[in-house]
Amino acid sequence: MAVPGELGEGEKERWRALRAASKTPRNPFMEPEFTAAVGLVRPQARVAVVYEGPDPVGFLPHERGPLGQGRAIGLGVSDAQGAILRPGLRLDTGELLRGCALSSFAFDNLEAEQRLFVRYAAEEHATYVIDVEKGYETYESVLRAQSPKFLKTTLAKERRLGRQVGELRFVFDEREPAALRTLMEWKSAQYRRTGRRDRFAQEWITRLVGRLAETRAPECTGTLSVLYAGRRPLAAHFGLRSASVLACWFPAYDPEFAKYSPGLVLHLRMAEAAAAEGIGMLDLGRGAAEYKDALKTGELPVYEGAVTRPGAGAALHWLSREPARRAHSFVRGRPRLAALAARTLKGAARLRRT
């Protein structure tokens, strides 16, 4: 067992090699750099290293809570989770948890190929993706076929935005710290406006994003993309990118310009820039949203659930997570109830502001 910062360069190289050998998309949330960044802001972050003889053949990044409750590294913000294992490696899940001194291991965005844990999933969700493997022009042609009105309207709004607000400028990899602060302010306001928990009110998440904004690695680079009118930012997004995947994470825009749909324009320009960089896929993450339905070209499964071992820790896990998870699942599975819940959250947010 190791603290993420204690991993040697040889172990990290082996981790990267195992990811390269995997058939799953090279999501940057599964790289050692993301785990290392979480380790700097979450004291209970750990990495279990599995050896065969002198060679590391597997890694399980996780966080350890009371009574050995385990959770995927960065649970709540990480959009891809699981173990990093040599293809074909056979492990016993119970033995792995015992070796980590864990009573449970919870996940909410488990990768589809995680055979060690998938059988313990309670729910399957869709994560929405944009395929730009064949270039942005091909992606636009797909949109013209599946969402012609959406594409036509968005491009018209982009032109109108340029005429009425100012000449548009898009920066795919913005390094200006003030732009990141603006994005976080917009996102916090959006969370409050919609009645949802403000993630940036949690210090560790703000610090994590700051650390990742400075991370520059071939398979995990913090990427801030900004749409400007002149020098004024209109929309921005912070995420992580590998050589082949842009993991979309925190998008937001200035609500003053909402009628122009600057967030949609931003995503089109991000797709164009990603394709130009040789990135083949944008992962929009799980969770239904109109903009995702309009932009996506496909879906990938991810899983939510937990592995538990008998004992007090497993019971504590069930009591602390399962009732809420089942309630959320019940609401999500009933569109009318979900719409009512969203309206209730927004109404509560308005009351708090008055």
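Guide: A residue is called buried under 20% relative accessible area, exposed over 50% and partly exposed in between, with a 1.4 Å probe and protein chains only. By that criterion Phe29 and Trp249 are both buried. This is a predicted model, in which local features need pLDDT of at least 70 and side-chain atom pairs count only at pLDDT 80 or more, while totals for chains, interfaces and linings use all residues. Residues are numbered from 1 along each chain as its sequence is written, and side-chain values use heavy atoms, with hydrogens and water left out.

Rings of Phe, Tyr and Trp (its six-membered ring) pair if their centres lie within 6.5 Å, and planes under 30 degrees apart count as stacked, over 60 as edge-to-face and the rest as tilted. The whole structure holds 11 aromatic pairs. Among them, Phe29 and Trp249 are edge-to-face, at 5.1 Å centre to centre and with 85 degrees between the planes. Because Phe29 lies in the loop between helix H1 (9-21) and helix H2 (32-41), and Trp249 in strand E11 (residues 245-253), this pair ties together parts that are 220 residues apart in sequence. Helices (H or I, at least four residues) and strands (E, at least two) are DSSP runs, numbered from the N terminus. Ring pairs link Phe29 and Trp249 with Phe34, Phe200, Phe238 and Phe250 into a cluster.

The rings of Phe107 and Phe117 have centres 6.4 Å apart and planes at 40 degrees, so that pair is tilted. Phe107 belongs to strand E5 (residues 104-110) and Phe117 to helix H4 (residues 115-118), so the pair ties together parts 10 residues apart in sequence; Phe107 and Phe117 are both buried.
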